[in-house]
Amino acid sequence: FRRAAKEYEIKLSNAEHDGPEALKLLLQCSFCYAHVQLQKGMALADEAITLAEKSKNISSLAQALCVKAINQFRIGYMQQAHENVQRALSLFEAQDDKEGTADALWLMGTMVEFLQGKGEEHHHHQQKALICYEQLGDFTGVYLARIQQNSLLLFQFQFAEVIQRQEIILNELTEQNQQHLKCYCYMELVRAFFLKREIPILISRMEEWKNLADATGNFYDYTMAKSMLTECYRVQHLDKVVIQNCIESLACCEQLGSLHGESTMQLILANICHEQSQYVDAINYYRKADEIALSIGAPYKHLCSLNGIGLALLKSGDYLQAQKTFETVLREAKRTNDRMNLIATLRHLAELAYEQKDFSLAFRSYKNLFDTIGSDGLIVQDFGRYAQSLGKASDADIIESGVALNGRNELRLGYLLQYLELSRKEQNKREEASAYNALAGYYEETGDLTEAMRFSKQYINFYESMMNEQNINAISGLRMQYESEKKDQEILLLKKEKSETLLQERLRVSRDLHDDMGASISSISILSTVAKQHLDEKRIREAGEMMDQISSDARDMVNNLSDFVWMINPQNDNLEKLFDRVFSYANHVLSSKNVAIKLYCDEELKTIVPSIEARKNIYLLMKEALNNASKYSKCTEATISFFKNNEEIKFSVTDNGKGFDLSNISNGSGLGNMKQREAALRGNLIINSTLNNGTEVSLISSLNNIEGSVLQSKLN
């Protein structure tokens with residue numbers, strides 16, 4: 001497409017300006033640019049329309065309107081595109097132009113699903129287009145209509161049927177001149193995989209689509225595939241990869257001229273912030289997406305954005321405003337026959353009841369959702385929340401729903417197992433951890449303590465592994481990079497109310513406390529019950545082992561809680577206080593082993609104020625290094641130093657112990673945790689050790705990274 005567009009432009013520059021050849025070339029060039037650069041494609045279509053009207057060439061005028069509509073539609077101007085196709089259809093029919101009529105009908109059929117109140121027209125237009133193409137013997141048109149007809153089943157949640165039909169067509173398209181049809185088929189196929197949440201398979205198919213689009217110079221499809229891949233990575237919670245792909249996809253959307261794509265990327269950025277409990281930022285991104293949706297007349301995207309805002313309000317505890325937002329979306333979705341947003345709003349209203357702990361209402365709402373769309377239309381979280389609501393709803397509501405009370409637990413367990421299975425299938429790490437925790441709770445309630453312990457251990461292990469893979473600071477840095485490139489983040493941040501920033505920090509701390517303490521509390525609860533059972537059965541040794549584990553878990557929880565309290569105390573906000581805290585911990589773990597502790601801190605460092613996240617990561621890294629020195633080094637002396645060199649700060653723990661062979665180092669000695677801290681601080685972790693010559697663990701990072709960005713410093 002790129003090459004063809006350039007060749008047509010060269011021919012156009014040599015053609016007679018107002019002649020029929022120029023008109024033909026304008027149409028061809030505009031069509032090619034619909035795959036390469038949309039604004040240019042629309043401008044060329046406007047030239048073709050002007051020339052066709054001037055020469056009274058009605059057939060070419062109708063074709064130019066169709067080509068303009070393709071460009072408009074891909075930019076995001078849905079309503080204007082539809083109006084142009086309707087006008088073109090009238091002109092084709094007046095001219096008895098069968099081929100043009102078929103093309104216009106097909107185009108209308110591809111557009112109506114995005115327009116208000118047009119859902120019923122989709123099948124009607126595609127069926128008429130298919131008949132016309134068959135009568136004309138138009139091979140390409142028949143395939144286009146078949147592909148689009150299959151996609152109609154998406155709105156009936158028949159995802160498996162769509163996938164099967166599109167795969168058949170894809171296998172039929174084997175010729176070199178059918179690559180553009182294969183691209184179109186891939187587009188509709190991956191939509192089905194995405195809605196069915198077949199994420200690993202989906203990623204594989206999207207890579208195929210992206211590579212094919214790139215090879216054929218189809219930049220539109222390439223951008224679409226890249227954008228959808230970004231959403232897949234988000235579902236898998238590969239957060240850093242998501243942000244990097246977001247930035248790249250936004251650049252592609254801007255180069256293509258797709259406002260529709262830009263709004264999608266804003267929605268994904270909002271969803272990432274939402275998942276990290278950064279609700280103020282999430283709402284800002286949702287509003288940006290909504291502004292674009294309103295500017296291009298895209299009602300579906302508008303309601304998607306409102307649904308997102310409502311969900312962010314819900315999670316931040318503003319239940320009243322969340323309820324009002326969802327009710328607005330519900331009314332509009334019903335009025336415009338927007339089934340996708342209608343289902344999403346029913347789900348969010350159920351979530352609202354669940355968050356407010358009105359489990360009877362949540363149970364009724366989730367049951368209504370399940371009955372409305374069937375299992376194919378559900379997302380992984382639905383199964384978990386429905387199961388939890390089922391367990392906590394009143395007996396009266398359970399009986400009224402038609403579920404037998406003695407069958408409640410069996411049904412609940414079935415949904416929890418589906419929750420776990422789907423989260424694994426999607427490779428959705430957060431939900432898989434949540435499923436383990438929910439199953440541990442279920443088995444504890446029902447008295448199966450062996451299974452409760454098994455799932456509790458899986459939850460703890462999986463949660464710790466998942467947290468080690470995350471890198472919130474790096475993600476925030478990439479988001480800031482994107483915003484600074486857009487040149488509006490400084491204004492946005494400086495205008496934020498201090499109370500909003502405080503709220504966000506409180507929510508983050510609350511989440512950390514809940515996540516880090518929850519696993520230990522759950523473990524202590526189950527272990528206590530099992531230990532008591534063993535004592536009753538005179539299994540003293542096993543009970544003693546569990547008591548030791550309870551004691552260890554409790555100590556860890558107290559220490560972690562102490563660390564949290566210290567980190568959020570504003571009196572501890574400078575490096576001098578951090579240095580004192582590190583020394584206090586070193587004294588705790590080393591003094592009992594008669595290890596002499598030496599301290600060094602540059603005077604000019606003491607007044608530097610690191611960000612809360614930097615303070616947390618520096619402390620935890622040095623804590624890990626001191627633990628290793630205490631457990632493994634057999635040292636007699638350890639040195640803690642904070643040293644400044646130009647604009648870099650070096651934090652280090654050095655011992656004179658037995659050292660180790662660096663080639664045998666493993667994540668088991670805390671290296672994985674240290675690497676996480678290194679990435680969070682965007683620094684450089686250096687470990688030097690030789691046998692019998694001690695060990696030095698150092699982290700070097702820039703002053704800017706320690707203090708936070710210039711904007712963050714201004715905000716503080």
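Reader: Where does Thr 264 lie?

Author: Thr 264 lies in helix α14. Helices here are DSSP runs of H or I with at least four residues, strands are E runs of at least two, and both are numbered from the N terminus. The model is predicted: local features need pLDDT of at least 70, side-chain atom pairs count only at pLDDT 80 or more, and totals for chains, interfaces and linings use all residues. Residues are numbered from 1 along each chain as its sequence is written, and side-chain values use heavy atoms, with hydrogens and water left out.

Reader: Why is Thr 264 called partly exposed?

Author: Its relative accessible area is 24%. Buried means under 20%, exposed means over 50%, and partly exposed is in between (1.4 Å probe, protein chains only). Thr 264 therefore counts as partly exposed.

Reader: What makes α14 roughly parallel to α16?

Author: The axes of α14 (residues 259–275) and α16 (residues 299–315) cross at roughly 10° and come within 11 Å. Angles under 35 degrees count as roughly parallel, over 145 as roughly antiparallel, 65 to 115 as roughly perpendicular, and the rest as oblique. So α14 is roughly parallel to α16. Axes are lines fitted to C-alpha atoms, for helices over the stretch in contact, and angles run from 0 to 180 degrees between N-to-C directions.

Reader: Which residues of α14 and α16 meet?

Author: On the α14 side they include His 260, Thr 264 and Leu 267. On the α16 side they include Lys 301, Cys 304 and Leu 311. Contact means heavy atoms within 4.5 Å. The residues of this contact divide into four nonpolar, five polar and two charged. Ala, Val, Leu, Ile, Met, Phe, Trp, Tyr, Cys and Pro count as nonpolar, Asp, Glu, Lys and Arg as charged, and the others, Gly among them, as polar.

Reader: What is the strand order in the open sheet, and why do β1 and β4 stand at the edges?

Author: The order is β1-β2-β3-β5-β4, with mixed pairing. Two strands pair if DSSP finds at least two bridges between them. β1 (596–601) and β4 (684–689) each have a single partner strand, so one side of each is left without a neighbour in the sheet. β1 and β2 (residues 637–645) pair in the parallel sense over six bridges. Phe 642 in β2 is the bridge partner of Cys 601.

Reader: Which helices lie across the strands?

Author: Helix α29 (residues 575–590) lies across β1, β2 and β3, at about 165° to β2. Helix α30 (residues 612–633) lies across β2, β3, β4 and β5, at about 15° to β3.

Reader: Which residues touch the most other members of the largest nonpolar core?

Author: Trp 106, Leu 202, Met 206 and Trp 209, out of 160 residues. A nonpolar core is a set of buried Ala, Val, Leu, Ile, Met, Phe, Trp, Tyr and Cys residues joined through side-chain atoms within 4.5 Å. Helix α10 (residues 179–196) gives the largest share, eleven residues. Apart from this core lies another, of 35 residues, among them Phe 579 and Met 622.
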